[in-house]
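Work through the exercises below with the sequence and the structure at hand. Try each task before reading its solution.

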Amino acid sequence: MQQLLKIKSKQTVALDTVEMVLENKAVSQIAVPGQFLHLHVDGHMLRRPISIADADPSVHTVTILFKILGEGTRKLSTYQIGDVIDVLGPNGNGFPLVNATKNSVLIVGGGIGVPPLYYLAKKLTESGVTITAVLGFQSKEHVFYEGEFEELGKTIVVTNDGSYGETGFVTNISKEALPSIDEYYSCGPLPMLQAVKERWNNIPGYLSLEERMGCGIGACFACVIPTDDHGGYKKICQDGPVFSAEEVQLK
Amino acid sequence: MSLAVELPGLSLKNPIMPASGCFGFGREYSDFYDLSILGAVIMKAATMESRFGNPTPRVAETSAGMLNAIGLQNPGVKKIIATEVPFLASFSIPIIANIAGSTIEEYRQVAKAFQHTDQVAALELNISCPNVKEGGIQFGTDPFMAQKVTEAVKEATNLPVYVKLSPNVADIVGMAKAVEKAGADGLSMINTLTGMQIHLATRKPVIANKTGGLSGPAIKPIAIRMIYEVKQHVSIPIIGMGGIMHAEDVLEFLLAGASAVAVGTANFQNPYVCKEIIEQLPHTLMQYSFSSVKEAIGKGIV
Ligand SMILES: Cc1cc2nc3c(=O)[nH]c(=O)nc-3n(C[C@H](O)[C@H](O)[C@H](O)COP(=O)(O)OP(=O)(O)OC[C@H]3O[C@@H](n4cnc5c(N)ncnc54)[C@H](O)[C@@H]3O)c2cc1C
Ligand SMILES: Cc1cc2nc3c(=O)[nH]c(=O)nc-3n(C[C@H](O)[C@H](O)[C@H](O)COP(=O)(O)O)c2cc1C
Ligand code: FES
């Protein structure tokens with residue numbers, strides 16, 4: 001569906017990283033973790049997919065966090081409180097919360113892949129699941145939401161350059177530093193997802209994937225991902241962006 | 001105010017239809033509005049067997065447009081007839097099947113396959129997809145090949161055939177005349193223009209296929225110019241497309257000589273665009289002193 005969301009608040013939470021709280025009753029009520037909004041940005045032909053980082057139906061808000069990367073996100077960052085954003089969504093399928101009976105879940109986020117995992121972690125802890133979050137960032141000035149995750153469970157921050165928290169990649173965290181895990185959920189850059197899938201290949205996992213999109217609703221075949229070597233495929237915008245780790249081939 | 005247009009095999013209550021590849025098989029957009037308001041619908045390209053298409057990224061944004069290299073991904077003609085055509089037929093609007101192939105034989109087979117349903121009103125022959133070649137020659141850029149494939153498809157079907165022309169040619173009039181001579185019932189123009197975008201940070205083309213087809217408002221002046229030129233040299237009707245965003249754009253295409261139009265890329269930005277254009281068109285025609293769509297066709301040619 002197409003909706004208008006009004007910017008209620010806006011703040012910079014890390015280097016080039018903006019958090020916006022948006023107001024829209026319908027979206028706040030139906031959004032599930034892992035879904036995204038397809039945002040129209042003035043002067044741009046194509047919409048921008050941005051994950052839902054939080055939703056609070058009691059006050060009709062939806063939170064997004066985005067990194068200023070190119071022209072579209074730069075323009076979006078100039079929007080002011082009170083401005084209205086035209087979005088399609090919530091689009092796609094979220095993380096399967098039906099498995100929330102599992103009692104220990106690992107959350108692995110990388111950079112701007114962290115936002116959807118926050119809403120997920122919140123929902124999981126609400127249903128009694130214990131979460132452990134491993135959040136990777138480039139360096140200290142990119143770190144955000146560490147405090148928010150700490151309120152939900154054990155949180156380990158990793159920076160590539162070691163300027164904050166642990167040094168290296170999220171997959172470097174030793175077995176001893178982590179509790180025993182029944183399931184993992186991850187979102188981040190492709191090389192990270194590949195490494196995550198490999199490291200935890202013995203337990204069920206869910207990955208949220210990114211691809212350049214056209215329509216964002218399943219009509220244009222821009223965002224496909226192969227599921228096998230025989231022409232099988234899924235559309236990230238419609239069948240995803242969340243997939244079970246064994247369901248998709250990460251190239 | 002009459003919006004109706006009669007074209008070979010197509011009785012259109014208004015001249016607006018979604019363009020091939022930009023509307024899938026209608027399912028997603030039917031969540032936004034009732035598709036029965038459309039003049040017609042053009043389906044995503046059909047090939048004989050299912051195709052996966054190109055690697056991703058398949059799209060990129062440009063100034064006032066986009067590049068795409070989907071690579072004709074589709075479930076194959078049999079599946080389209082079995083599952084997609086009946087869905088679209090439920091809206092009681094003319095269905096146009098866009099057909100593609102790698103060889104003349106494949107085009108013939110796909111055209112033949114659409115004989116097995118009575119729910120398709122016309123074929124749009126996609127000879128202009130940049131990734132479709134035989135013997136290294138694109139059907140859409142060689143008038144002789146274009147003529148051959150048109151003849152083959154005309155032989156294989158009794159549905160009217162609209163040949164979709166590529167703008168990636170030096171002599172668009174020559175191409176149009178060649179397919180008219182081969183028996184085309186109408187023309188569809190234009191398809192996308194081949195382009196490329198290079199990502200600065202990685203120093204590589206953004207699109208995995210390297211090149212992609214440019215669409216959107218960026219190509220509208222080219223479409224208008226080509227339709228204007230072709231209209232004066234052929235007697236078959238033209239379905240115009242390329243960058244249509246508003247009812248004013250539709251009028252411009254009509255003035256250039258199009259008898260109906262297709263809206264592509266704009267659907268991605270605004271899923272309601274076809275509906276909004278259909279609602280606005282009578283006002284736009286009136287504003288410029290036309291009392292029907294038919295009256296405006298070709299009136300811009302001086
Ligand atoms: C399902 C999904 C959820 C996402 N969630 C978030 C989020 O919560 N926060 C966030 O900061 N980013 C998120 N992204 C990435 C975000 O969409 C891109 O960073 C953004 O589109 C870049 O736009 P731009 O105009 O700044 O960049 P430009 O490079 O100028 O964009 C040009 C074109 O490429 C597309 N594009 C460029 N990079 C990406 C990318 N990584 N993924 C998809 N499309 C891209 C743009 O949408 C646009 O069409 C998500 C992507 C997907 C697919
Ligand atoms: C994502 C995408 C997919 C397309 N797929 C097809 C196709 O399968 N067959 C075809 O004939 N044209 C295809 N086209 C071309 C459009 O039908 C149309 O001719 C072109 O995009 C110009 O119109 P527009 O500027 O309104 O998009 C495609 C265009 C886009 C953007
Ligand atoms: S973006 Fe169009 S199908 Fe996914």
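**Exercise 1: Contacts of ligand 1**

A backbone N or O atom of Glu71(A) is found 3.4 Å from an oxygen atom of ligand 1. This counts as a polar contact, that is, a pair of N or O atoms within 3.5 Å. The model is predicted: local features need pLDDT of at least 70, side-chain atom pairs count only at pLDDT 80 or more, and totals for chains, interfaces and linings use all residues. Residues are numbered from 1 along each chain as its sequence is written, chains are lettered from A and ligands numbered from 1 in the order in which they are written, and side-chain values use heavy atoms, with hydrogens and water left out.

Task: Find how much of the accessible area of ligand 1 the protein covers.

Solution. On its own, ligand 1 has 830 Å² of accessible area (Shrake-Rupley method, 1.4 Å probe), and the protein covers 89% of this. Two further backbone contacts can be listed. An oxygen atom of ligand 1 lies 2.6 Å from a backbone N or O atom of Pro49(A). A polar backbone atom of Leu65(A) is 2.8 Å from a nitrogen atom of ligand 1.

**Exercise 2: The shell around ligand 1**

Task: State which element gives the most residues to the shell around ligand 1.

Solution. Step one: take the residues with a heavy atom within 4 Å of the ligand. There are 21 residues around ligand 1, and Pro49(A), Gly72(A), Thr73(A), Ile112(A) and Arg212(A) come nearest. Step two: sort by class. The shell has 10 nonpolar, four polar and seven charged residues; Asp, Glu, Lys and Arg count as charged, Ala, Val, Leu, Ile, Met, Phe, Trp, Tyr, Cys and Pro as nonpolar, and the others, Gly among them, as polar. Step three: sort by element. β4(A) gives the most, with four residues.

**Exercise 3: Aromatic pairs**

Task: Classify the ring pair of Phe137(A) and Phe144(A).

Solution. Rings of Phe, Tyr and Trp (its six-membered ring) pair if their centres lie within 6.5 Å; planes under 30 degrees apart are stacked, over 60 edge-to-face and the rest tilted. Over all chains, this rule gives 15 aromatic pairs. For Phe137(A) and Phe144(A), the centres are 5.2 Å apart and the planes make 65°, an edge-to-face pair. Phe137(A) and Phe144(A) are both buried, meaning under 20% relative accessible area. In chain B, Tyr29(B) and Phe32(B) form a tilted pair, 6.3 Å centre to centre with 35° between the planes. Tyr29(B) and Phe32(B) are buried as well.

Definitions and conventions:
Polar contact = N/O pair within 3.5 Å; in protein donor to acceptor, adjacent residues only side chain to side chain. Helix = DSSP H or I, 4+ residues; strand = E, 2+ residues; numbered from the N terminus. Buried < 20%, exposed > 50% of the residue type's maximum accessible area, 1.4 Å probe, protein only.
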